[in-house]
Amino acid sequence: MSGTNDFAFKMATVNGTGSASANSLLMQAIFRMGIPVTGKNIFPSNIQGLPTWYEIRVSKDGYTARPPEIDLVVALNPSTYAKDVATVRPGGYLLYDSSWPLDPTLARKGITILGVPFGQMCIQAFERDRDRTLLRNIAYAGALVALLEIDRQVVEEMLNEKFGKKKALLEANHRAIRLGYDYAMEHLEHPLPFHLERMDKTSDSIVMDGNTACALGAVYAGATVGAWYPITPSTSLMEAFKGFCQKYRVDADTGLNKYCILQAEDELSAAGIAIGAAWMGARAFTNTSGPGISLMQEFIGLAYYTEIPAVFFDVQRCGPATGMPTRTQQADLMSLAYASHGDTKHIVLFPADPGECFEMSVTAFDLAERFQTPVFVASDLDIGMNDWMVPRLQWDDDYRPDRGKVLDAAALEKVKKFSRYLDVDGDGIAARTLPGSGAKGAYFVRGSGHDKHAAYTEDSDAYQEVVDRIARKFEYAALAVPKAELRLQDGSETGVITIGSCDAAVREAVDRLREQGIHVDFMRIKAFPFGPEVRDFLVRHANTFVIEQNRDAQLRALLAIETGIPRDLMIPVLDYSGMPLTCTALVAAVTKYLTEVPT
Amino acid sequence: MTSITKPPVRHPGLPRNALGLTRRDYEGSMSTLCAGCGHDSVTAALIQAFWELDLPPDRAAKMSGIGCSSKTTAYFMKESHGFNSVHGRMPSVTSGANAANRDLTYIGISGDGDSLSIGLGQMCHAIRRNVNMLYMLENNGVYGLTKGQFSASADIGSTSKKGEANEQAPIDPVLLALTLGATFVARSFSGDKAQLVPIIKTGLTHRGFALIDVISPCVSFNDHDGSTKSYAYMREHEMEAVDVDFVPLRREITLPEDHAAVTVVQLHDGSTVRLRATAPGYDATNREAAYRHVRSCQKRGEVATGLLFIDDAGRDLHDMNRTVGTPLAELPFEALCPGKAALDALMERYR
C-alpha cells in the first residue's frame with residue numbers, strides 16, 4: 001500500500017515533446033530530498049510522435065524494481081488514455097489536462113480525477129509554439145511539486161544549474177513550474193495522501209544508467225580501442241565512453257587522444273576491429289545488442305579458437321529479429337553462452353544494476369586477458385538505459401590490470417622455443433606474444449585447424465589436443481568468474497534463482513513472501529560458466545524457481561545443461577513482456593505452487 | 001597435411017641488405033598452392049620488395065582473410081606475426097590492429113572473392129578510414145579453393161573452364177578505390193615483377209591505404225582461352241600507364257635525362273617516387289585522369305597497369321582520430337586510468 005515516501009506515479013506523454021527532461025527533473029529532485037527513488041523510461045522505437053511513459057517509484061525501504069502498482073497517472077497523451085486510466089490502482093489518482101473537457105475514456109469510477117489546464121495556461125503565458133509545447137511538461141512537473149510535496153527549492157535550484165547561463169530559458173522554466181504549482185495549490189486538494197517527506201537515505205548513492213557505468217568501467221580498466229555500430233539500446237555506452245575519454249584521455253600537452261573509437265560499417269567489422277586491437281595488446285571492446293551478437297558470431301568463434309581477448313557488451317533487447325528495440329529482455333543468454341559454430345563456450349558476466357556494470361566491466365577485461373578469450377557483459381535495456389539509484393562507485397588505486405600470460409622480448413630470451421598454444425603451466429592457459437615484440441615470439445594466428453605450435457594441421461590428435469586444452473581453460477574460468485550471490489534463510493526448501501536486472505524485483509518478492517510466512521532462499525547468477533555453488537544450491541533445494549525475462553527459460557536450460565540437474569525439476573517463472581520486472585509474477589508463482597502442491 | 005617448412009640451409013654468398021638479411025630470410029613456409037600459381041610470383045615480388053626496403057620482419061604484421069591468396073601470408077616473412085582471419089574480414093582486423101599499434105608495417109593480402117564479394121564492404125570502409133597498410137588484391141577472376149566458380153571481378157563474356165560465359169558486370173577494385181578516395185591505387189600483373197616490385201615498395205612507404213590490384217592468374221581454373229585473367233591475355237593486353245622508380249630516403253635522386261616526362265612525388269618519410277608516363281601525357285597525381293584512363297583502357301579491352309594514382313598528403317586513420325604518437329597498446333596503465341580522486345569527484349555529477 002502506498003504512503004509517505006512509498007508510492008509510484010507515471011507520466012504518459014508523446015515522445016519528442018520534451019517530457020523526458022521534466023521527468024528526470026522530478027526524479028532527481030526526489031533523490032536530492034534524500035528519498036530512495038527509481039525511474040523507468042518506457043519509450044518507443046521512434047524519434048517523435050509516439051506514446052512514451054516514465055514511471056517513478058519512491059521507496060523509503062529502498063526497493064528499486066519497477067513498481068507493482070501505480071498510484072497516480074499523469075495522462076497527457078490522448079492516444080493512450082484508455083490504457084493509462086486502466087493502470088491506476090483502485091483508489092488512485094489521475095491527473096489530466098483540463099484545457100479540454102474530460103475525455104469520456106478517462107472517466108473511471110473508484111479513482112480521483114484531477115484536472116489542470118496545462119495547455120491553456122502555457123498558451124496564455126508563452127508566445128512561441130515551441131515553448132508552449134515544451135514548457136507544458138515543466139508545468140505538470142510544477143503541479144506534481146504541489147501535489148506530492150516535492151521540495152520546490154530543490155527543483156528551482158536544479159533549473160538554475162541546468163539553465164544558469166541561458167537567462168530567457170531559465171525564466172521561462174521557472175514560470176512554467178509556478179504555473180502548475182500555483183494552479184494546483186489554489187484549485188486542488190493537496191498534498192495527496194501519498195507524498196514526500198525529506199529523508200537522509202541517498203547521500204551515499206548516485207543516479208546513473210548502466211551504459212554510462214559500463215563505459216566508465218572500460219575507461220578505468222584502461223581500454224583504448226572501442227569499435228561499434230550504432231544500435232539501440234547500446235548506443236549510449238559508446239557515447240559515454242567517448243565523453244569520458246574526452247575528459248580523461250586527452251594528452252594535456254599535445255591535445256592528442258589516448259584512445260581510438262571507430263564507428264564501423266557494421267557489427268561484423270566492429271567485432272573484427274576489437275579483435276585486431278586486442279591481438280595487438282590493447283584492451284579493446286565493442287558494444288552492441290542482440291542483432292549485433294548474431295552478426296558477430298563468426299568472429300566470436302575465431303577469437304575463441306585463436307584465443308584472443310576482447311570484451312563484448314551486449315545490452316539486450318526484445319528479440320527475435322528486430323523485435324522490440326526499446327523494450328527489455330534477457331533473451332540472448334543461450335546465444336552468448338555458446339556463440340558461434342563448432343564447440344564454443346564463453347565467459348559471460350551478468351550485472352544486476354549500474355553499480356555492477358562498472359565493476360564487471362573492469363572484471364571482463366581482466367578475465368578476457370587472463371583466459372585469452374572473448375568475454376561478454378550481458379546487460380539489458382532496463383539496466384543500460386534507465387536511471388538507477390546505486391551506491392557511489394568506488395575505485396582502489398592499487399588495482400593493476402591482469403594482463404594474463406604475455407611474454408615480452410625479455411621473457412622470450414629465456415624461452416628455448418616459443419610455442420603459442422603449449423600448456424606450460426598445466427592450467428590450460430598458454431602464453432601469448434604481441435606483434436612487434438621480436439622475431440622469436442612470431443606466430444601465425446589462424447582460424448583453421450592448428451597444433452600447439454600454431455602450425456596448420458589436419459591431424460586428429462594435434463587438433464584435439466588444442467581444443468581439449470581450451471575446454472580445460474574453461475573449467476578454471478568457472479572458479480575465477482564472480483560467484484553467484486546467495487541469500488539464505490534458515491531451513492528453507494524453496495529456492496529462487498534469477499539473473500541480471502531481475503535482481504531488484506526478485507529481492508522484493510522474497511521480502512513479500514517472507515511477510516506471508518514463506519521463506520525462500522535466493523541465488524543470483526553473476527557469471528557463466530557456473531561455479532560449483534550453483535549446482536550445490538540446486539541440489540539443496542527441493543523446489544527451485546528460475547525467474548528470468550525470456551520465453552524459453554534460457555537460464556533454466558543453461559543450468560540443466562551445465563549442472564546435469566534435470567530441467568523439469570526447476571520451475572520456470574517467465575516474463576518476456578519487454579517491461580522491467582515487478583515482484584508480482586514471482587510472488588504469485590511461488591504462492592500458487594506452494595498452496596497447490598501438497599507437502 | 002601439415003605445413004611444410006623449408007630446409008634452413010643458406011648459400012653463404014647470398015647478398016645481404018642493410019639489416020644483414022638475405023632474401024631467404026624474408027621467406028616463409030613452403031607454398032601449398034598449385035605449381036605456376038600467380039600468387040607465388042606475387043609472394044616472390046613481396047619478398048624482393050621487403051628485402052630491398054630493409055624491412056625488419058618483426059616490425060611487420062601480415063594480415064589476410066580466407067582463400068588461396070590469403071594462404072600466402074604463411075609463405076613470406078616467417079619472423080613476422082601473421083593473422084589469417086575470417087573470409088572478407090581482414091580489413092577490420094587490420095583496422096583494429098593498426099589503431100592499437102601504429103608503428104608496425106601492415107601487409108594485407110586478399111583476393112577477388114575475399115575483397116570484392118564477401119568483404120566488399122570491409123575493403124571499402126578500410127579505404128574510407130584510410131588505414132595505413134599495403135593492400136594486395138591478388139585478382140584471378142575465379143574461386144580457386146572451391147574449384148572454379150566466377151568471382152565478382154570476372155569480365156562479361158569471360159568463360160569458365162567448362163565453357164560457361166559470365167554475364168554479370170565485374171567490380172573493378174581500381175575504379176572503386178579511386179571513387180572512394182583512396183590515396184594510392186595501382187594495378188599490376190604477377191608476371192611482371194619488374195613493374196610490381198617498385199610499386200610494392202612505394203605502397204609500403206605510402207602513408208595510408210595502398211591498394212595494389214595484381215592480376216594473378218589461376219593456372220588450375222582460369223588460365224584457358226576465353227578467360228580475361230589468363231597469363232596469355234594479360235601479356236597481350238597489359239597497358240602500362242606509368243613506370244615507377246622508388247627512391248629510398250638515403251639514396252640521392254638523379255633525374256634521368258628526359259626528366260621533363262618524369263613526375264617526382266615525395267612520400268611522407270622523405271623517400272621519393274619517380275613516375276615516368278608510358279602512356280602519353282599520363283598524370284598519376286590526377287584522380288579524374290586516372291579514372292578516365294582506366295575506363296578508356298577497359299573499353300579497348302586493355303588492362304591499365306602501373307601506379308595509377310598517388311596522393312601522399314591524405315590524412316590516415318590516426319590523423320583523423322587525433323591519436324597520440326605512442327602506440328595505444330604501449331601506453332602504461334597509469335596513463336589510462338583516471339584514478340580514485342577523479343572518480344570521487346565525478347560521482348558528484350551523478351547526484
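Just after helix 5 of chain B, Asn130(B) takes a positive phi of about 55°. Asn130(B) sits in the loop that leads from helix 5 to strand 4 (133–139) of chain B. The model is predicted.

**Around helix 5 of chain B**

- Most residues other than glycine have a negative phi, and most peptide bonds are trans.
- Is Asn130(B) buried or exposed? Asn130(B) counts as buried, because 22 C-beta neighbours lie inside 10 Å, and the cut-off for buried is 20 or more.
- Helix 5 of chain B covers residues 120–129, and its buried residues are Gln122(B), Met123(B), His125(B), Ala126(B), Ile127(B) and Arg129(B).
- Within chain B, these buried residues pack against helix 3 (90–100), helix 4 (112–116), helix 6 (173–180), strand 8 (209–215) and helix 10 (317–321).
- They also pack against an element of the other chain, helix 9 (267–279) of chain A.

**Other turns in chain B**

- Asp54(B) is another residue other than glycine with a positive phi, near 55°.
- Asp54(B) lies in the loop between helix 1 (38–53) and strand 1 (60–64) of chain B.
- Asp54(B) counts as partly exposed because it has 13 C-beta neighbours inside 10 Å, while a residue is exposed at 12 or fewer and buried at 20 or more.
- Strand 11 (residues 262–266) and strand 12 (residues 272–277) of chain B run antiparallel and are joined by five bridges.
- In this pair, Val264(B) has Arg274(B) of strand 12 as its bridge partner.
- The two strands form a hairpin with five residues between them, and there Gly270(B) takes a positive phi near 100°.

**Where chains A and B touch**

- How many residues does each chain bring to the contact? Chain A brings 60 residues and chain B brings 51 residues.
- On the side of chain A, at least two residues each come from strand 7 (205–208), helix 7 (210–221), strand 8 (225–228), strand 9 (260–263), helix 9, helix 10 (290–306) and strand 15 (444–446).
- Helix 9 of chain A gives the most to this side, with nine residues.
- Sorted by class, the side of chain A that touches chain B has 34 nonpolar, 13 polar and 13 charged residues.
- Strand 15 of chain A runs parallel to strand 2 (residues 81–84) of chain B, and three bridges join them.
- In strand 2 of chain B, Gly82(B) stands opposite Phe444(A).

**Chain A as a whole**

- Chain A has 19 helices and 21 strands.
- Its C-alpha trace spans about 85 × 70 × 40 Å along the principal axes.
- The radius of gyration of chain A is 27 Å, which agrees with the value near 25 Å that a compact globule of 599 residues would have.
- Of these 599 residues, 55% count as buried.
- Among the contacts in chain A with a separation of 6 or more, 73% are between residues 24 or more positions apart.
- The domain assignment divides chain A into domain 1 (6–187), domain 2 (208–391), domain 3 (409–480) and domain 4 (485–596).
- The C-alpha centres of domain 1 and domain 3 of chain A are 60 Å apart.

**Helix 1 of chain A**

- Helix 1 of chain A has 14 residues (residues 19–32), which at 1.5 Å a residue should span 20 Å. The end C-alpha atoms are 20 Å apart, so the two values agree.
- Ten of the 14 residues are buried, so helix 1 of chain A is largely enclosed by the rest of the structure.
- Among the buried residues of helix 1 of chain A are Leu25(A), Leu26(A), Met27(A), Ile30(A) and Phe31(A).
- Just after this helix, Gly34(A) takes a positive phi of about 85°.

**Cis peptide bonds in chain A**

- Which peptide bond is cis with omega near -10°? The bond from His190(A) to Pro191(A) has this value.
- Pro191(A) is in the loop between helix 6 (167–187) and strand 7 of chain A.
- The peptide bond from Phe528(A) to Pro529(A) is cis, with omega near 0°.
- Pro529(A) is in the loop between strand 19 (527–528) and helix 17 (532–540) of chain A.

Methods: Residues are numbered from 1 along each chain as its sequence is written. Chains are lettered from A and ligands numbered from 1 in the order in which they are written. This is a predicted model: local features need pLDDT of at least 70, side-chain atom pairs count only at pLDDT 80 or more; totals for chains, interfaces and linings use all residues. Helices (H or I, at least four residues) and strands (E, at least two) are DSSP runs, numbered from the N terminus. The radius of gyration is taken over C-alpha atoms; the globule rule is 2.2 Å times the number of residues to the power 0.38. Two residues are in contact if their C-beta atoms, placed from the backbone, lie within 7 Å. Ala, Val, Leu, Ile, Met, Phe, Trp, Tyr, Cys and Pro count as nonpolar, Asp, Glu, Lys and Arg as charged, and the others, Gly among them, as polar. Two strands pair if DSSP finds at least two bridges between them. Domain bounds come from an automatic or database domain assignment. The expected span of a helix is 1.5 Å times one less than its number of residues.
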